[in-house]
Amino acid sequence: MTGGTGVSDRVLGGIGLVLAAFYIWQATTIQVSFISDPVGPKTFPIIIGLLLAVSSLVIMLKPDAEPHWPAIGRLAEIALAVVVLVAYAMALPAVGFVAATAVASAFLSWRLGTAPLPAVAAGVAIALGIYVVFHLILGLSLAEGPYGF
Amino acid sequence: MEALSSLADGFAVALTFQNLGLALIGCFLGTIIGALPGLGPSNGVAILIPLAFSLGLGPTPALILLTSVYYGAMYGGRISSILLNIPGDEPALMTTLDGYPMAKQGRAGEALAISGVASFVGSFFATIGLVFLAPLLVQVALLFGPAEYFALFALAFATLGGVSSTNQAKAAFATALGLGIAMVGVDGQTGVPRFSFGEVHLYDGIDFLVAIVGLFALSEVFIFLEHRGDGSGEGKQADVGIGRITPSFAVLRRCTPTMARSTVLGFVAGVLPGAGASLGSFLAYTSEKAVADKEGTFGKGDPRGVAAPEAGNNAAAGGALVPMLALGVPGSGTTAVLLAMLLALNITPGPLLFQQNPDVVWGLIAALFIANFMLLAMNIPMVGLFVRVLMIPPKFLMPIVAMVSFVGIYGISGSTFDLMVMVVFGVLGWVLRKLEVPLVPVILGILLGNLMESNLRRAMTISDGDWTVLFASPLALLLWAIAVVGFVLPILVGKRIKRRMHMTEEEPGGATTTD
């Protein structure tokens with residue numbers, strides 16, 4: 001992704017154009033009921049789609065300098081973090097807040113540069129800390145899981 | 001004055017045990033949020049909104065809590081600017097210019113004290129300005145019909161990039177993205193689903209809070225993951241002595257005219273749409289340098305160079321509340337977040353707010369006065385406490401930010417689907433930040449899209465489908481004219497101003513270290 005200047009912006013503009021086309025097409029398929037106001041539910045989305053298309057076109061034709069993309073390893077790092085966060089969201093109702101949060105925050109802390117063992121300790125501390133402050137003190141409802149915490 | 005008697009009623013609302021406690025907590029959390037690089041006022045407030053809901057706070061207490069955080073963040077931003085040469089948030093950028101040199105000379109305590117006093121002066125007088133200006137603006141706002149409101153929304157989006165915007169196409173792109181996302185869900189007027197692709201979860205639309213916490217807070221975590229180990233954004237400890245934390249009277253007197261001028265400039269910058277606190281501190285610093293820097297000491301540790309931007313950005317923060325409360329149209333990311341919370345509590349800001357819920361408005365303003373005194377107390381004698389908080393390294397802080405984001409969103413809806421959407425917004429926020437697409441228009445679009453559309457449709461219903469109604473009144477024409485100028489002007493001068501603010505690169509926490 002480190003090609004000539006402005007490649008990223010051209011890609012962004014291209015994606016924006018496709019998105020705008022899709023958006024406008026979807027807008028035209030919105031059903032209109034019998035009783036409707038003069039504008040109806042389609043017009044404003046179509047205007048937005050046109051704004052998206054025009055701005056995408058300008059971005060594509062006049063790209064900024066190329067941003068500094070991270071190396072492929074770091075991209076994988078971010079992708080892995082995303083996977084962990086999605087897994088965390090799904091695991092919350094299944095295993096409860098404390099266990100899921102301890103694992104997820106230990107992972108993040110480890111990837112941000114803590115050594116493995118201290119990271120586990122940090123994860124457990126963060127999970128318990130949030131549980132105490134938000135659930136026991138502030139009374140927020142957290143995911144309960146099979147053990148009730 | 002009618003405003004003063006309303007304000008007296010406001011103090012009766014604010015001076016309850018609960019509200020005082022919330023203001024205190026808000027100020028404390030806000031100062032920490034502002035001080036920590038990587039947690040700005042908008043994402044700080046955004047993470048705390050779910051908390052305000054889950055605690056079941058009423059509109060006034062919730063608003064008091066969150067605006068105290070907002071004011072506190074404006075105070076806190078200066079701490080890391082002075083000690084670490086890393087602005088705690090974007091508006092504190094200018095404070096590094098003289099604050100860090102002062103710290104290197106062993107006068108960090110003095111710099112912290114002066115900037116604390118300047119912050120107090122800026123926000124105190126801006127709050128007074130709010131008392132008098134907001135009711136006046138309400139009188140104007142009462143003349144607004146749906147067509148004028150539609151033009152006003154257009155104006156807000158057109159000017160959002162601010163004069164420092166370098167790429168208006170990207171600002172427009174971000175606006176379209178936000179407005180487009182707002183359209184998802186069942187149309188409020190006809191009841192037909194739009195862009196929901198048969199997914200039941202999408203019928204209610206995409207929750208603004210989910211979007212903003214993802215875009216701001218989670219994307220910050222990804223930025224830190226990306227930059228781990230390369231030094232930027234790490235909490236490097238300042239090896240500078242703090243010195244005494246009391247401002248000397250002579251220095252304060254020397255800074256008084258600076259603070260006065262900077263407060264006025266900052267307040268005006270805050271009230272104007274699309275300017276906000278960053279521009280307020282920038283204007284205050286540069287004009288002060290032009291007016292007062294006769295010996296060429298600015299940039300080398302001049303106390304006035306610390307007082308000016310801090311008075312300016314705090315005054316701008318107060319000024320930004322004027323259009324948010326009086327018109328219901330926010331001009332910055334953080335005021336947008338505050339507006340979102342009001343809307344979620346079924347309170348619509350704008351002229352009617354002053355008539356229907358005067359307790360909310362005036363209770364809030366009174367609480368801001370009280371919060372200011374609390375912040376002054378926290379930020380001068382107790383500043384050492386916050387300095388210690390700054391030493392929390394990101395490797396522990398960022399997991400906490402991520403987890404608290406999840407807790408907040410889960411606490412509102414209990415829905416795994418919303419958490420997934422939040423992660424998607426986190427990734428989107430990271431990509432957009434890499435491409436320098438501004439995020440504030442996205443969130444403002446999501447927030448205001450439906451209001452904007454319903455004003456358009458109401459105007460058209462009244463005119464029975466005649467589009468010229470949008471340009472029919474002089475007021476509407478004026479608003480359109482400002483919108484056009486506000487959008488075109490940055491294309492002509494934006495690059496130059498941006499360069500002078502030397503924010504060439506968005507690093508973690510919006511910080512660019514300059515030596």
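Mentor: Chain A and chain B bury about 5,700 Å² between them, and 80% of that lies on carbon and sulfur atoms. Buried area is the accessible area, taken with a 1.4 Å probe, that two parts lose on being put together, summed over both. On the side of chain A, Phe44(A), Arg74(A) and Leu112(A) lose the most area to chain B, together 13% of what that side buries.

This is a predicted model, in which local features need pLDDT of at least 70 and side-chain atom pairs count only at pLDDT 80 or more, while totals for chains, interfaces and linings use all residues. Residues are numbered from 1 along each chain as its sequence is written, chains are lettered from A and ligands numbered from 1 in the order in which they are written, and side-chain values use heavy atoms, with hydrogens and water left out.

Chain A gives 67 residues to the contact and chain B gives 61, where contact means heavy atoms within 4.5 Å.

Lys170(B) forms a salt bridge with Asp9(A) at 2.8 Å, N to O. Lys170(B) also forms a salt bridge with Asp64(A), at 3.0 Å, N to O. Lys170(B) sits in helix α8 (residues 168–182) of chain B and Asp64(A) in the loop between α2 and α3 of chain A, so this pair joins two chains. Helices here are DSSP runs (H or I, at least four residues), as are strands (E, at least two), numbered from the N terminus. Over all chains, the structure holds 12 salt bridges.

As for the side of chain A that touches chain B, the elements giving two or more residues to that side are α1 (7–28), α2 (43–61), α3 (72–95), α4 (97–111) and α5 (116–137) of chain A. The largest share, 13 residues, comes from α3(A). By type, the residues of this side divide into 44 nonpolar, 17 polar and six charged. Ala, Val, Leu, Ile, Met, Phe, Trp, Tyr, Cys and Pro count as nonpolar, Asp, Glu, Lys and Arg as charged, and the others, Gly among them, as polar.

Technical notes: A salt bridge is a side-chain nitrogen of Lys or Arg within 4 Å of a carboxyl oxygen of Asp or Glu.
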